[in-house]
Amino acid sequence: MIALDCGFKDQSYFTKVFRKYMKQTPRGYRLRLGSARGPGGKRT
């Protein structure tokens, strides 16, 4: 899990901090990132 890898012990706090700085949720970020990837999940 990304939150744990970044040193957060609480997933909800990670989401709160992520949203504050990125102006979107981690899920929204993943969805937008996914739309920037080509076939097979590779970046285009």
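Predicted model: local features only at pLDDT ≥ 70, side-chain atom pairs only at ≥ 80, totals over all residues.
Are Phe-14 and Phe-18 buried or exposed? Both are buried.

First, the overall layout. The protein chain has 3 helices and 0 strands, and along the sequence the pattern reads α-α-α. There are 44 residues in the chain, and buried ones make up 18% of them. The accessible surface comes to about 4,000 Å², with 57% of that belonging to carbon and sulfur atoms.

Now the aromatic rings. The structure holds 4 aromatic pairs. One of them joins Phe-8 and Phe-14, edge-to-face, with 5.2 Å centre to centre and 70° between the planes. Phe-14 has a relative accessible area of 9%, so it counts as buried. Phe-14 also pairs with Phe-18; here the arrangement is tilted, at 5.8 Å centre to centre and 45° between the planes.

How many residues apart are Phe-14 and Phe-18 in helix 2? They are 4 apart, and because both sit in that helix, residues 11-22, about one helical turn separates them.

Taken together, ring pairs link Phe-8, Tyr-13, Phe-14, Phe-18 and Tyr-29 into a cluster.

The largest pocket has a volume of about 160 Å³. Helix 1, residues 2-5, helix 2 and helix 3 are the elements that each give two or more residues to its lining. Which residues line this pocket? The lining consists of Met-1, Ile-2, Ala-3, Gln-11, Phe-14, Phe-18, Pro-26, Tyr-29 and Arg-30. By class, that is 7 nonpolar, 1 polar and 1 charged residues.

Last, a backbone detail. Where does Lys-23 lie? Lys-23 is in the loop between helix 2 and helix 3, the latter spanning 26-35. Phi of Lys-23 is near 60°, which is a positive value in a residue other than glycine. On the side of exposure, Lys-23 has a relative accessible area of 70%, and since the cut-off for exposed is over 50%, Lys-23 is exposed.

How values were computed: Residues numbered from 1 in each chain as written. Heavy atoms only, no water. Phe/Tyr/Trp six-rings, centres within 6.5 Å; stacked < 30°, edge-to-face > 60°. Buried < 20%, exposed > 50% of the residue type's maximum accessible area, 1.4 Å probe, protein only. 1 Å grid on protein atoms, 1.4 Å probe; cavity = no way out; pocket = protein on both sides within 12 Å on 5 of 7 lines; lining within 4 Å. Points joined across faces, edges and corners; volume = space filled by probe spheres on them. Nonpolar A, V, L, I, M, F, W, Y, C, P; charged D, E, K, R; others polar. Areas by Shrake-Rupley, 256 points an atom, 1.4 Å probe, with all protein chains shown as cover.
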